[in-house]
Amino acid sequence: MFLACSRFIFLLAFLLGSLVMGASLFLEYGLGFEPCLLCQIQRYFLLGFCIVNLMAFVQRPRFSGMRVYSIVSTVLALGGTGSALRQVLLQSQAPEQLMFCQPDLGAILHNLPLSEVVSTIYRGSEACVLTHWSIFDLRVAELSLLAFAGLSVLSGYQIIRVLSYRVSLLHAT
């Protein structure tokens, strides 16, 4: 029964992540919003999250595999949460404090050493603070933060389930 519930949680995480990815693609291609570099980074975290959870659902791993998939899934969700949080913090700053023209991700990876890539990406640009759309008085970055926080909680719950089940098995013997 434990393995079936774990597979359901992996499937649920995959479906929720896919829903968030679909919403972000709709905002880009349906409504014409151009994603900033931090939005693209969040999409990569989300894509990795979805792939890991789909693989975990399809593969049906045992306890050690579930632990690995759960940890990787949580790390990816937390990475997306950190990126979304950074974007929310950037939107609360004055645009004069940001870079006005930031190159695309390919140019950053090609021209800068790896030690400067992360700091350049998370420094943000003027495109990161533009607010094109909001719903319920929440901007897209705040909605992204909420989505990643929810995915992080779901993945963290999976880790707790795997570890607590393992401990209960050790105490039962």
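Helices (DSSP runs of H or I with at least four residues) and strands (runs of E with at least two) are numbered here from the N terminus, and serine 70, for one, lies in helix H3. The model is predicted, so local features need pLDDT of at least 70 and side-chain atom pairs count only at pLDDT 80 or more, while totals for chains, interfaces and linings use all residues. Residues are numbered from 1 along each chain as its sequence is written, and side-chain values use heavy atoms, with hydrogens and water left out.

**Overall build**

- The secondary structure of the chain consists of seven helices and two strands, which follow one another along the sequence in the pattern α-α-α-α-α-α-β-β-α.
- Of the 173 residues in the chain, 38% are buried, where buried means under 20% relative accessible area, exposed means over 50%, and partly exposed covers the range in between, with a 1.4 Å probe and protein chains only.
- The accessible surface of the chain comes to about 9900 Å², and 70% of that area belongs to carbon and sulfur atoms; such areas come from the Shrake-Rupley method with a 1.4 Å probe, and for residues only the protein chains shown count as cover.
- Among the contacts in the chain with a separation of 6 or more, 82% are between residues 24 or more positions apart, a contact being heavy atoms within 4.5 Å.

**The largest nonpolar core**

- In soluble globular proteins, nonpolar side chains tend to be buried together.
- The largest nonpolar core in this model has 18 residues, and those with the most contacts inside it are Phe10, Leu46, Phe49, Met66, Tyr69 and Leu151; a core of this kind is a set of buried Ala, Val, Leu, Ile, Met, Phe, Trp, Tyr and Cys residues joined through side-chain atoms within 4.5 Å.
- Helix H1 (2–30), helix H2 (37–59), helix H3 (63–91) and helix H7 (140–172) each supply at least two residues of this core, and H3 gives the most, with six residues.
- Leucine 46 touches Gly17, Val20, Met21, Phe148 and Leu151, when residues up to four places away in sequence are not counted.

- The buried residues of H2 include Leu37, Ile41, Gln42, Leu46, Phe49 and Val52.
- Glutamine 42 is buried because its relative accessible area is 6%, and, leaving aside neighbours within four places in sequence, glutamine 42 is in contact with Gly80, Ser83, Ala84, Gln87, Ser144 and Phe148.
- Most residues other than glycine have a negative phi.
- Arginine 60, placed in the loop between H2 and H3, has a positive phi near 55° although it is a residue other than glycine, and at 56% relative accessibility arginine 60 counts as exposed.

**Aromatic rings**

- A search of the whole structure finds one aromatic pair, the criterion being that rings of Phe, Tyr and Trp (its six-membered ring) have their centres within 6.5 Å, with planes under 30 degrees apart counted as stacked, over 60 as edge-to-face and the rest as tilted.
- The rings of phenylalanine 10 and tyrosine 69 have their centres 6.4 Å apart and their planes at 75°, so the pair is edge-to-face.
- This pair links distant parts of the chain, with phenylalanine 10 in helix H1 and tyrosine 69 in helix H3, 59 residues apart, and both residues are buried.
- Phenylalanine 57, in helix H2, counts as partly exposed at 23% relative accessibility, and touches Arg7, Phe10 and Leu11 when residues up to four places away in sequence are not counted.
- The charged end of arginine 7 sits over the ring of phenylalanine 57, 4.4 Å from its centre; this requires NZ of Lys or CZ of Arg within 6 Å of the ring centre and within 35 degrees of the ring normal.

- Serine 70 is buried, with a relative accessible area of 1%, and, neighbours within four places in sequence aside, is in contact with Phe10, Ser155, Gln158, Ile159 and Val162.
- Serine 70 and valine 162 are 92 residues apart in sequence, yet 8.5 Å apart in space from C-alpha to C-alpha.
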